[in-house]
Amino acid sequence: MTTRSRTRGTLTLATRGSDLALKQATSVQEALTDERYEVDLIEVETRGDQIQDELIHQLGKTGAFVRALDKKVLDPTAEADAAVHSMKDMPTDSPDDLVVAGIPQRAPPGDLLITTDGQRLSDLPSGATIGTSSLRRQAQLLDQRTDITVEPLRGNIDTRIEKLLAPSLQTEHEQRIEAEQGEITNTENAGSDDEDIDRDETDKELPEFEQSIEEWFNELSEIERRALERSVETEYDAIVLAEAGLQRSGLIHHIEYVQLDTTTFVPAPGQGAIAITTQGEANATAQIREAIDHPRTRVETTVERTVLAELGGGCIAPIGVHATLQGEYVHVAAQVFASDGTETVDGSRNLPVDAHADAAAQFANKLADRGADELIAAARVAADESSNTESTGE
């Protein structure tokens, strides 16, 4: 019997071409292969990939990382049976004939504070610069530390980490070169009676290193070597990234980090989850749901995205929503911020599992009545003004 005769069918998945997106898509491919499907991947360039100088919240209003993939699923040509997305990138509104067929078990949903030496947020000096492209993370950081500066940070995961590591690695490299040259100079001058030698230079205290430059360089990881060559305009004391992305990329073992508490830094709705979208009536919908859908993750992310949809914030407002299934209830916590972190509307509630979507909508309406809708409206005005200013070149 051939391998093909044992398969349950062939599926084609559309994915972005970034390293992280491909790794996410490959994980879905492997899960479906384990269920005896043959799976092909096709790479699609999205608007978010094409435009590299805008922040994510400015792109997200149009589903910059999503629409091009779903088009491959919904077009009459139907080049793909399904599309693979990071759920947190997905708009809450979607075409009627598009469904989320599968949500695999999600990775850790929280954020990490990444530094060169594993410092906590409270350990960073006053005036420290932290990089993030997320309005939510910016507001949460400023809510906790009014004395820090939050600067924009875009690029893929590798690029962001390289921007953090570059200054310290480049400084150490320069010190090693200086120390090595100093040793050579001192050796050449040893025993010399030339009184014209600049004693300040020869007696200058230089750092001592046990390894040679070559030995040190050989022990650097690939991402550290790339950081050595990177030109950086802004020096960051820390950056914030999603733990899930760092795990999937394999980079988590090459960085120093601390986990940010999800009760204080409530994650983005759907963070850590992968969503596979299909045409609602297509055979692939049932096939994918049966093969890889994770019921617990579906319940939790349904609550999170329902709250987001009811609030209407999309990607333009700093909103965190995190749900955890606990027996017969789903515990949900939410935060809605002013963009500068100075105002917050937050709350939490235990929702019944058997009516979790309706209960999530009611919870969101309570937040709106307490002022969340005003903060979101202000964020929308600010986003529109920013968009208008850019379009007029001002």
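This is a short tour of a predicted model, stop by stop.

**Before you start.** Residues are numbered from 1 along each chain as its sequence is written. Because this is a prediction, local features need pLDDT of at least 70 and side-chain atom pairs count only at pLDDT 80 or more, while totals for chains, interfaces and linings use all residues; side-chain values use heavy atoms, without hydrogens and water.

**Stop 1: confidence.** Colour by pLDDT, the predictor's confidence in each residue, from 0 to 100. The protein's mean is 87, and 85% of its residues reach 70 or more. Now select residues 49–62, where pLDDT is below 50. Beyond near neighbours in sequence, this stretch has 34 contacts in the model (a contact means heavy atoms within 4.5 Å). Go on to residues 389–394, also below 50. Here the count beyond near neighbours in sequence is two contacts.

Stop 2: Helices (H or I, at least four residues) and strands (E, at least two) are DSSP runs, numbered from the N terminus. Two strands pair if DSSP finds at least two bridges between them. Strands of a sheet pair through backbone hydrogen bonds, either parallel or antiparallel. Select β2, β1, β3, β10 and β4: in that order they form an open sheet with mixed pairing. Which strands stand at the edges? They are β2 (38–43) and β4 (98–102); each has a single partner strand, so one side of each is left without a neighbour in the sheet. From one strand to the next, the twist averages 35°.

Zoom in on β4 and β10 (residues 274–279). Four bridges join them, and they run antiparallel. Click V100: its bridge partner in β10 is T277. Then show helix α5 (residues 67–74), which packs on the sheet and touches β1 (10–15), β3 (82–86), β4 and β10. The direction of α5 makes about 160° with that of β3. Such angles run from 0 to 180 degrees between N-to-C directions, with axes fitted to C-alpha atoms, for helices over the stretch in contact.

**Stop 3: another open sheet.** Its five strands have the order β7-β6-β8-β5-β9, and the pairing is mixed. The edge strands, β7 (149–151) and β9 (256–259), each pair on one side only. Neighbouring strands are turned by 30° against each other on average, direction ignored. Four bridges join β5 (residues 111–115) to β9, antiparallel. Find L112: it stands opposite Q259 in β9. Helix α6 (residues 135–144) packs on this sheet, touching β5, β6 (129–131), β7 and β8 (238–242). Its direction makes about 130° with that of β8.
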